Amino acid sequence: MRKWFVVVCFVLLLVGCGEREKVFVYQSVNDEKNKQEVQHLLKEAKAIDEANVIFLNDELVVAMQVKPLEKWHRKKVEESWKRKLEEKFTNLNVTVSTDFKLFWETSKIMENQDQQAVHEKIQHLKKLAKEET
């Protein structure tokens, strides 16, 4: 019985420590330079747990989840990342959100291949991001 307990604990430790992808990118045009820059920036961020990035025409939408201890500073994290991304990508309209609903919705959008439908949903999400409830 004791051996099984040790084996189960070891397996749970290995599963819990598995490396997972931190940044998911959807882009309508094949621009590897921008994709690599955003991935590098967001992977190095300590406050961000996961992020969905959508490049669509002249739009850059970033929906991120902050780490649990940073949730009290969500607005500061959101504003600082918006500023950083606007400086880096001056030719794009940047939208950044730390709201979980937008993260969830962007995850669904990234599965869609129809660019017109994605564009419409992005416009709707941008309106939701501006709302404060």
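**Close-up 1. Contacts of Leu 60 in the predicted model.** Leu 60 touches Val 53, Ile 54, Phe 55, Leu 85, Phe 89, Leu 92, Asn 93, Val 94 and Thr 95, leaving aside residues up to four places away in sequence. Contact means heavy atoms within 4.5 Å. This is a predicted model: local features need pLDDT of at least 70, side-chain atom pairs pLDDT 80 or more, and totals for chains, interfaces and linings use all residues. Residues are numbered from 1 along each chain as its sequence is written, and side-chain values use heavy atoms, without hydrogens or water.

**Close-up 2. The largest nonpolar core.** This core has 20 residues. Leu 42, Val 53, Leu 60, Val 62, Met 64, Trp 81 and Leu 85 have the most contacts inside it. A nonpolar core joins buried Ala, Val, Leu, Ile, Met, Phe, Trp, Tyr and Cys residues through side-chain atoms within 4.5 Å; buried means under 20% relative accessible area with a 1.4 Å probe, protein chains only. At least two core residues come from each of α2 (32-44), β2 (48-56), β3 (59-66), α3 (74-88) and β4 (93-97). Helices (H or I, at least four residues) and strands (E, at least two) are DSSP runs, numbered from the N terminus.

**Close-up 3. An aromatic pair.** Phe 55 and Phe 89 pair edge-to-face, 6.0 Å centre to centre, with 75° between the planes. Rings of Phe, Tyr and Trp (its six-membered ring) pair if their centres lie within 6.5 Å; planes over 60 degrees apart count as edge-to-face. Phe 55 lies in strand β2 and Phe 89 in the loop between α3 and β4, so the pair ties together parts 34 residues apart in sequence. Both Phe 55 and Phe 89 are buried.

Key: Buried < 20%, exposed > 50% of the residue type's maximum accessible area, 1.4 Å probe, protein only. Phe/Tyr/Trp six-rings, centres within 6.5 Å; stacked < 30°, edge-to-face > 60°.
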